[in-house]
Amino acid sequence: MLDINDLRAKVGGKEILRGINLHVGAGEVHAIMGPNGSGKSTLAHVLSGRENYEVTGGSVTYLGKDLLAMSPEMRAREGVFLAFQYPVEIPGVSTTYFLKAALNAVRKHRGLEELDAMEFLTLIKDKMKLVEMDQALTNRALNEGFSGGEKKRNEILQMAVLDPALALLDETDSGLDIDALRIVAGGVNALRREDRAMVLITHYQRLLDYIVPDFIHVLYDGRIVKSGTKELALELESKGYDWLKSVVAQVH
Amino acid sequence: MITTESTERYLAAYKQASSGAAKDNPAWLNELREAGITSFEALGFPTLKNEDWKYTNLEPIAAQSFARANGEAKRVSASEIVARSMIDPAELRLVFVNGIYAEEFSQTATLEPGVVVKSLGDFIKADEATASSTLGRYASGQRQPFVALNSAFLEDGAVVSIGAGCRADRPIYLLFVSMAANQPIVSHPRTLILLGAGSEAKIVESYLGLDGGGYFCNAVTEIAGGPDSVIEHYRLQQENDSGFHVSALAANLERGCHLTAHAVSLGGALVRNNVRVTLSGEGAGCVLNGLYLADGKQHVDNFTEIEHVKPRATSLELYKGILGGSAHGVFNGRIVVHKDAQKTDARQTNKNLLLSANAVVNTKPQLEIYADDVKCSHGSSIGQMDGDALFYLRSRGIGMEDARSLLSFAFASDVVGRMKIDCLRQRLDDYLVARFGRR
């Protein structure tokens, strides 16, 4: 589903991604772990098409298409979803209106009929149950005054509504207490599907207690330095990120 | 260059007007006019050297010769006027064409006891004592040349008077239509709003330009808010592309009086809105809620002044502007807290969204505080559309243009959403949807 080959990217003239290789198949859940500054969020931003990130080499193929050639909105319509680490507050735009506009843009692209107001309300009521979200929240301006947990639940709600083939979750666990983490993880788990791939980006192993990945990759200094199954997370947890320095030293 | 010639043109017009029909006017009215022209002669047209006008070049107005409106150009129907404005066709309205009351376009309604809505001419006939003691008392031409000019050529306008303890339940619409025929026209409409103690009213002033011809509308509104009265005032400016619009709103609020003044500026080639609220009584309050949209070569200047005179008065001001093309927006927010005005709570915000590289905004807060126990805050921002917000919307599949539209709409609807008259809010929402192309 997703093939990343020797991806290199710069931010503000500095090379942050220094040759990433990653293959994600349909139905798989991959976790990318790494210390601060390793390039985790840069990878998420490059994949979602954010400006100010300059791709200097390599390729990203998504469902056989050149992902890097697509605009952010086209990536979304083609089924790529990024759950933001810091969801943006947008005063004056109601969450419901936003969700409907997004869903209909995506449906239109996929050759589906746009939903009318009634059909849409039925749909989001159903999806809100996934993340135990109160309907009052969707009548408010998008993320405005939402708590950290509400913002992250709103991200997962959007993912449920937009029905992506590939979901990138950027530090979805950051800033959540245990209850909120449990709810958010529950929503994500409910959305795991054979034809949907997920990439979790996280600093901590904690999230992986709730969302168990098929594969774990360790990102360090712009490269994936180690890959393995879920046991790798435990090894990282016990040995700490400093352990990576010796791993990297062995590689070179 | 603004020259004395421009001023002299008005002096000559005044001389001509005062030698004619004005002779039949009551002496107090002629005195008001005389005081107006004297002030205007002394002040002249402000130039960019005048600190209060430094961003607004009045040359286009000063250089042009305008004919006095004669009220004859009534080539439209009432339904057309109403449809092109945003007023509720079902409600009471007084309509003025080029500053002169047009009864045939107006609509009466049964009014509650103590509520008077009349053209200025009719009001003077009915209650000359009140008219003579209030007109010109709140808007002073001594410092403001355009108020002076309005007084000098004062001819017609609207009066809303609510007796003590009385309440007008329905909105009162005052619609000022400008339409130039063969030559540029000038009008000086005057509105007088008198609120007795404990009274309540909602008043909508709508300024609408028809046809493509150039004109100059120089409007003045005086509000006298009696103790504990509550007034919601709406000012909607939809002049045409070549229309010049200068307005002054002067409000005096007595003890416990509360004024909410919404101001929406959409049209006009050159627009200057002066708002001056004097919180003269203890515990008085005002909310100023403004929106200005400009595009092309439009110039829109909002000059607001709030005077806190007595203790415990509050003022909350929010003005937002969206500027595209090579439009120029100006905001000046002056707040003066006098020595006696302890426990003042004054908050001011001005936010500007620039949609193009050539649009310009000048924003200037001016706080003068002479009391020591007050809460005052101000903030202003000028910015392009928020890149993070745009990316967030696009990352969910919403296209670039739709995302920009949605964010512009959201920026403006924040102000419109504060309006309490459903019909007006809906019409403005529809307007914003059409203007920003949101689907």
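Trainee: Where is N143(A) found?

Mentor: N143(A) is in the loop between strand 8 (141–142) and helix 6 of chain A. Keep in mind that this is a predicted model.

Trainee: Okay, and what's phi like for N143(A)?

Mentor: Phi there is near 65 degrees, which is a positive value in a residue other than glycine.

Trainee: Does N143(A) count as buried or exposed, and why?

Mentor: N143(A) counts as buried because it has 23 C-beta neighbours inside 10 Å, and the cut-off for buried is 20 or more.

Trainee: Now D221(A). Where does that one sit?

Mentor: D221(A) is in the loop between strand 11 (215–220) and strand 12 (223–228) of chain A. Its phi is positive as well, near 55 degrees, and D221(A) is a residue other than glycine.

Trainee: How many C-beta neighbours does D221(A) have inside 10 Å?

Mentor: D221(A) has 16 of them, so it counts as partly exposed.

Trainee: Back to helix 6 of chain A. At what angle does it pack with helix 3 of chain A?

Mentor: Helix 3 (residues 95–109) and helix 6 (residues 148–162) of chain A pack at about 35 degrees, and their axes are 10 Å apart. The crossing of helix 3 of chain A past helix 6 of chain A is right-handed.

Trainee: Which residues make that contact?

Mentor: From helix 3 of chain A you have T95(A), L99(A), A102(A), L103(A) and V106(A). Helix 6 of chain A brings N154(A), Q158(A), V161(A) and L162(A). By type, the contact has six nonpolar residues, three polar and no charged.

Trainee: Those numbers go up in threes and fours a lot. Why would that be?

Mentor: An α-helix has 3.6 residues a turn, so residues three or four places apart point the same way.

Trainee: What about H109(A), which element is it in?

Mentor: H109(A) is in helix 3 of chain A. It counts as partly exposed, because it has 16 C-beta neighbours inside 10 Å. Along the chain H109(A) is 31 residues from E78(A), yet their C-alpha atoms are separated by 7.9 Å.

Trainee: Switching to the two chains together: how many residues are in contact?

Mentor: 17 residues of chain B are in contact with 19 residues of chain A. On the chain B side, the elements giving two or more residues are helix 8 (387–394) and helix 9 (400–416). Helix 9 of chain B has the largest share of that side, with seven residues.

Trainee: And what kinds of residues are on that side of chain B?

Mentor: The side of chain B that touches chain A has eight nonpolar, four polar and five charged residues.

Trainee: Tell me more about helix 9 of chain B. How many residues does it have?

Mentor: Helix 9 of chain B has 17 residues and reaches 24 Å from first C-alpha to last, close to the 24 Å expected at 1.5 Å a residue. Twelve of the 17 are buried, so helix 9 of chain B is largely enclosed by the rest of the structure. Among the buried ones are L406(B), F409(B) and V416(B).

Technical notes
Residues numbered from 1 in each chain as written. Chains lettered and ligands numbered in written order. Predicted model: local features only at pLDDT ≥ 70, side-chain atom pairs only at ≥ 80, totals over all residues. Axes fitted to C-alpha atoms, helices over the stretch in contact; angles between N-to-C directions. Helix = DSSP H or I, 4+ residues; strand = E, 2+ residues; numbered from the N terminus. Left-handed = near helix turned anticlockwise from the far one by under 90°. Contact = placed C-beta atoms within 7 Å. Nonpolar A, V, L, I, M, F, W, Y, C, P; charged D, E, K, R; others polar. Expected span 1.5 Å × (residues − 1).
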